[in-house]
Amino acid sequence: MIIDCHGHYTTAPKALEDWRNRQIAGLKDPASAPRVADLRISDDEIRESIVANQLRLMRERGSDLTIFSPRASFMAHHIGDLQTSLAWASICNELCHRVASLFPDHFIGAAMLPQSPGAPIATSIAELERCVKEYGFVAINLNPDPSGGHWTSPPLGDRYWYPLYEKMVEYGIPAMIHVSTSCNACFHTTGAHYLNADTTAFMQCLTSDLFKDFPDLKFVIPHGGGAVPYHWGRFRGLAQEMKKPPLDESVLDNVYFDTCVYHQPGVNLLAEVIPVRNVLFASEMIGAVRGIDPTTGFHYDDTRRYIDAAPHLTDADRRLIYEGNARRVYPRLDAALKARGK
Ligand SMILES: [Zn+2]
């Protein structure tokens, strides 16, 4: 079985974006603000948006199940206030739940949180609970920078985040550390802000005592871990100078990297540097990089090809990357699969 731990509903029917635009307009003119019930998307529209896109590519590329969350760049937690984010997250999560209900063999949900700059993180817990209990979601996306590129929140090791971590551990829910749109012109959203945030999140974990306080907390750092695998020696050296334990003792029981690296040499490096038990298959399809690599003739985000061709991996390694690790890191996913006899 091949589990893709990183997919977003980037192909949602346009009515969703229209509703969001009305919600944003309503921030200035409350009389024009839409009600949640104003958004109407039929099951057929959802089916069409999935069958022709993500599901088609999953079938072509041979992946079976995607952990599916709302479009990351649309989270845009910096827009409006907590109430804005609460309504928006609720709508986006419900749509992912509907996708997972229509295609239960192929999609299982991960929630976006209704984060808002300056709001206590505890205000996100009710939505997490709703998505886990009512929808059967197995993970969350946690935005370490809801300001959208200005980094106004405390680092991930700060106690600010602890109420959420307590809930994650209670429910057995890992978080993919995933920023949203950059509203800082210095940082291109998917080319810089995402990768910066992946690197930044890892360093915040390294410098904190977070995993001493939460030994069962699990973070997935997407996009291949940003710059982390490439600079592994730097991180090891910094940890050593800070008198921290080696990284495999201090962070690798809690931090995992996905395989959203869009070329063969990058995946080869990831597979050589990072222990196989910490690598999870993912493509982030259909996402930021949708084109065909002229040097290979295949889509950049067809990441299974790179795993299959990585010279350092054995077949047993590939089984861990494709399935075994995900079932360990996402215990609710494992339970859902077992309940279906898989
Ligand atoms: Zn993503």
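Here are legends for a few views of this predicted model.

**View 1. The whole chain, start to finish.** Residue numbers count from 1 along each chain as its sequence is written. Since this is a predicted model, local features need pLDDT of at least 70 and side-chain atom pairs count only at pLDDT 80 or more, while totals for chains, interfaces and linings use all residues. You'll find 15 helices and eight strands in the protein chain (DSSP runs numbered from the N terminus: helices are H or I with at least four residues, strands are E with at least two). Buried residues account for 47% of the 342; buried means 20 or more other C-beta atoms, placed from the backbone, lie within 10 Å of a residue's own.

**View 2. Strand 4, covered on both faces.** Strand 4 spans residues 139-142. On one side sit A139 and N141, on the other I140 and L142, and all of them are buried.

**View 3. Strand 4 and its partner, strand 3.** Strand 3 (residues 107-112) runs parallel to strand 4, joined by three bridges; strands count as paired if DSSP finds at least two bridges between them. One to look for: A110 has A139 in strand 4 as its bridge partner. Together with helix 6 (residues 125-133), strands 3 and 4 form a right-handed β-α-β unit. Right-handed means that, with the strands pointing away from you, the path from the first strand over the helix to the second runs clockwise.

**View 4. On to strand 5.** Strand 5 (residues 175-177) also pairs with strand 4, parallel and over three bridges. Here I140 has A175 as its bridge partner. The chain gets from strand 4 to strand 5 through helix 7 (residues 162-171), in a right-handed β-α-β crossover.

Notes
Buried ≥ 20, exposed ≤ 12 C-beta atoms within 10 Å, placed from the backbone.
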